[in-house]
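Hello,

I am passing a structure on to you, and I hope you enjoy looking through it. Please open it below, and then read on for what turned up.

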Amino acid sequence: MLQLKSITEVYGLLDREKRRVVITMHQKPDADALGSSLGLYHFLVQLGHEVTVISPTNWPRFLNWMPDSAKVLDFEGMNEKALKVLQEAEWIFCLDFNVMARTKKMGTFLEEHPGTKILIDHHEAPSEAQFTYGVCDPSKSSTAEMVYDFIVHSGHGDLINIQVAECLYAGVMTDTGSFRFPATTASVHRMIADLKDRGLNHTRIHENVYDNFLENRLRFIGYILLNRMEIYYEYNAALISIPKSDLLKFEIQTGDTEGLVNYPLGIQGIRMAALVIDRDEERKWSFRSKGNFDTNSFARKYFNGGGHFNASGGRTYETLPQTVATFKKALQENVQALQNEYPISIINE
Ligand code: 5GP
Ligand code: MN
């Protein structure tokens, strides 16, 4: 098995030779995946590299304000062009994922690609053998924070221009729940202070991401919270399950369901929230928790997924009622962990 080489070894290679570079991320990218990729893009082009960002699938339209998002290739949508660029790449940066399966159909092409693969990610359990160089640090708030570290530690902090700053800010802002989750360290705040010094207008980014939806999305959320949310107080847990008919009725598109899973966590006593969406090819699960319930292990054990301790996802190929039944059984099996009410501050003492 090949040993993953340290990301620090890449620093010296950055300004040596011009390279054909592809930056890619997990399927259905969120603001961290796309923001860290475009942030890195705006950095690498300044060093003279020929850089293309390829997303495995389409992405939420509320990310289209990101500078040069129009240049991002959709591997599913424009397969031929994206495939050609990918095949000719010498370096492939893999951002915000650490197992090739998370890039859907791109996965096999990435696995077989002879180029140098560079991993920058903050999820648990990386497939290290699939990458040449890399860093995977689950203690980091976001991949965008890690791209910032990559740029600064490589000695190129002066190349953080407004485009880099806007893209990276969007990633950190969303993955920290607007600077709220425990991974929001002093270093994160120092990074943001640096971006502010470089002219970042953070209010504009918040508005672009959070105040840019169509009316139907808000009406959909109201409908879902009223009709599709179940609360299980005996497990300190909640479930939102969305049948396909609801998605069609409200003309829901990629990204419109983002953040929905967090609503039940606002209810007193609820420590774990799950969301399942009936998509065409799969039932897509999201899990969020507060404190010491490990959603990563839960998603891995029952729903072919993974992610972070407090935020994970997964998928099954059962019907919606079947997978909901699996979930309820899983709640019973985890009753002790779910009923454990110690706040995280006590655990850490
Ligand atoms: P979301 O619920 O927003 O889809 O995902 C929550 C977190 O878990 C994200 O960081 C995401 O990258 C990760 N995640 C989502 N689905 C999967 C999956 O199927 N496998 C793994 N390993 N991680 C996932
Ligand atoms: Mn992320």
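How many nonpolar, polar and charged residues does the shell around ligand 1 have? There are 1 nonpolar, 9 polar and 4 charged residues in that shell. Please keep in mind that this is a predicted model.

Let me start with the ligand. Ligand 1 is surrounded by 14 residues, and the closest of them are R102, H123, S286, R288 and R315. R315 places a polar side-chain atom 2.9 Å from an oxygen atom of ligand 1. For H308, a polar side-chain atom is 3.0 Å from an oxygen atom of the ligand. G306 takes part through its backbone: one of its polar backbone atoms is 3.1 Å from a nitrogen atom of ligand 1. The protein buries 83% of the 490 Å² that ligand 1 exposes when taken alone.

Which elements give two or more residues to this shell? They are strand 11 (283-289), strand 12 (306-307) and strand 13 (311-316). Strand 13 gives the most, with 5 residues.

Now to the cysteines. The structure holds 0 disulfides. C94 is in none, and its nearest cysteine sulfur, that of C136, is 12 Å away. C94 counts as buried because its relative accessibility is 0%, while C136 is partly exposed, with a relative accessible area of 21%.

Best wishes

Technical notes
Residues numbered from 1 in each chain as written. Chains lettered and ligands numbered in written order. Predicted model: local features only at pLDDT ≥ 70, side-chain atom pairs only at ≥ 80, totals over all residues. Heavy atoms only, no water. Disulfide = S-S within 2.5 Å. Buried < 20%, exposed > 50% of the residue type's maximum accessible area, 1.4 Å probe, protein only. Near = heavy atom within 4 Å. Polar contact = N/O pair within 3.5 Å; in protein donor to acceptor, adjacent residues only side chain to side chain. Areas by Shrake-Rupley, 256 points an atom, 1.4 Å probe, with all protein chains shown as cover. Helix = DSSP H or I, 4+ residues; strand = E, 2+ residues; numbered from the N terminus. Nonpolar A, V, L, I, M, F, W, Y, C, P; charged D, E, K, R; others polar.
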